[in-house]
Amino acid sequence: MARPPRRRPGAWGPLLWLLLAGPGTCAASPADDGAGPGGRGPRGRGRGDSGADEAAPRHDSSYGTFAGEFYDLRYLSEEGYPFPTAPPVDPFAKIKVDDCGKTKGCFRYGKPGCNAETCDYFLSYRMIGADVEFELSADTDGWVAVGFSSDKKMGGDDVMACVHDDNGRVRIQHFYNVGQWAKEIQRNPARDEEGVFENNRVTCRFKRPVNVPRDETIVDLHLSWYYLFAWGPAIQGSITRHDIDSPPTSERVVSIYKYEDIFMPSAAYQTFSSPFCLLLIVALTFYLLMGTP
């Protein structure tokens with residue numbers, strides 16, 4: 001009796017499975033959706049897994065993507081917001097004494113030949129449009145000021161002061177001399193203010209208008225005034241009595257339209273430059289040379 005022919009096992013299995021499953025259940029190729037091994041998306045992310053997308057962002061090889069990622073890491077905070085950027089601060093420009101008597105007027109008090117960085121006190125002024133620019137500097141860690149007076153005495157004077165406070169800042173303040181007491185005035189005509197404290201010196205620069213509305217505490221600078229020069233220590237940003245008992249003043253009224261370079265020797269140098277001292281030195285020298293009879 002003849003045996004029926006033997007069929008190889010499993011020969012029809014895969015073909016039968018494909019016929020029964022239909023085309024809708026065929027798996028997509030990696031070229032279709034970028035699926036990797038195990039039916040997952042690119043770089044091992046499962047399809048529809050948004051959390052995985054956030055945890056593992058795609059990286060391109062282009063320079064633009066690299067630059068963008070570098071910017072994000074360098075300039076963005078952890079929350080993704082740009083860090084606040086402080087505006088640039090220009091350094092304080094040094095006072096030029098070469099312009100004294102030419103394009104601005106200057107007063108120097110101290111050692112002969114001193115400049116804005118070595119004088120006991122220095123002031124300059126010049127016209128800029130409808131404003132007057134003032135530069136002040138003094139050998140102090142407290143304050144430096146200029147007063148505009150109708151005489152050479154303290155009292156009833158408009159005063160501009162640059163005050164070094166405990167935070168290291170130099171602020172421009174407005175005062176009015178009531179007798180021997182300087183009262184701070186809230187109305188401050190100063191603008192474009194800047195100041196610095198370096199090398200134990202307070203230095204500042206500011207502008208104020210030439211003409212102002214009528215005010216008892218603010219003078220019109222187009223008129224001529226005596227200038228009062230003062231400086232001294234400060235306590236917690238408040239000015240105290242000036243360093244010397246009799247601060248220097250201008251010998252005559254000052255016009256902002258006339259530029260001069262005026263030097264005033266300090267007390268230490270006034271002693272040896274007075275006529276009496278010079279005469280005494282000549283007499284002593286003659287005595288020593290001639291000897292006693």
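## Confidence in the model

pLDDT is the predictor's confidence in each residue, on a scale from 0 to 100. For this predicted model, the mean pLDDT of the protein is 77, and 64% of its residues reach 70 or more. Over residues 24–48 the pLDDT is below 50, and this stretch has 20 contacts (heavy atoms within 4.5 Å) beyond near neighbours in sequence. Residues 81–88 also have pLDDT below 50, with 8 contacts beyond near neighbours in sequence.

Local features need pLDDT of at least 70 and side-chain atom pairs count only at pLDDT 80 or more, while totals for chains, interfaces and linings use all residues. Residues are numbered from 1 along each chain as its sequence is written, and side-chain values use heavy atoms, leaving out hydrogens and water.

Let's turn to the strands. They are DSSP runs of E with at least two residues, numbered from the N terminus, and two of them pair if DSSP finds at least two bridges between them.

## A buried strand

Strand β10 (residues 226–232) is largely enclosed by the rest of the structure, because 6 of its 7 residues are buried, meaning under 20% relative accessible area with a 1.4 Å probe, protein chains only. Strand β4 (residues 143–149) pairs with β10 in the antiparallel sense over 7 bridges. Ser-149 has Tyr-226 as its bridge partner in β10.

Key:
Buried < 20%, exposed > 50% of the residue type's maximum accessible area, 1.4 Å probe, protein only. Helix = DSSP H or I, 4+ residues; strand = E, 2+ residues; numbered from the N terminus.
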